[in-house]
Amino acid sequence: MQNDEQAIRELISTWLSASKAGDTAKVLSLMTDDVVFLACGRPPMRGKADFAASQAALAEVDIDATSEIQEIKVLGDWAYVWTQLSVVITPKNGGDANSRSGNTLSILQKQGGTWLLARDANMLGPGSQSSSREKIQ
């Protein structure tokens, strides 16, 4: 159980660093083929292709996120993770940064000995806007 929890923590850390680096291929490798993302006010995003398309639309911004794990529960080859997530999106052209924060609930599935994201529901709400020269807390 301890090894599974550590592997899940590493998946989250890898996801955040790959997102910051703009490494969509790495992020895609961390999810199941039939992944589903749920977000407020948007239709479900289904599958890796939809996710990749959404990431392509973010090519002109920098993404910086932090995640505080609140709970991990492993149930055999399935697990869930509840996190407090904060995301700052800053246009590469130096425009205003936008932040979003809130809770996420993710369901992971162990496939071939590796934990992958299968379902993700995020309840991120708008945070503050500030000049890209200001640090968003």
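Does Lys-110 count as buried, partly exposed or exposed, and why? At 25% relative accessibility, Lys-110 counts as partly exposed, a class lying between buried (under 20% relative accessible area) and exposed (over 50%), with a 1.4 Å probe and protein chains only.

This is a predicted model, in which local features need pLDDT of at least 70, side-chain atom pairs count only at pLDDT 80 or more, and totals for chains, interfaces and linings use all residues. Residues are numbered from 1 along each chain as its sequence is written, and side-chain values use heavy atoms, leaving out hydrogens and water.

**View A. Asp-4 and Lys-110 form a salt bridge.** Their closest N and O atoms are 2.8 Å apart; a salt bridge here is a side-chain nitrogen of Lys or Arg within 4 Å of a carboxyl oxygen of Asp or Glu. The pair links helix α1 with strand β5, 106 residues apart. Helices (H or I, at least four residues) and strands (E, at least two) are DSSP runs, numbered from the N terminus. Asp-4 counts as buried, at 15% relative accessibility.

**View B. Asp-33 meets Lys-48 in another salt bridge.** Here the closest N and O atoms are 3.3 Å apart. Asp-33 lies in strand β1 and Lys-48 in helix α3, so the pair ties together parts that are 15 residues apart in sequence. Asp-33 is exposed, at 62%, while Lys-48 is partly exposed, at 24%.

**View C. Helix α3 (residues 47-56) has Gly-47, Phe-51 and Gln-55 as its buried residues.** They cover an arc of only 125° around the axis, which puts them on the same side of α3; the arc is taken from the directions from the helix axis to the C-beta atoms. Ala-49 and Ala-56 are exposed on the other side.
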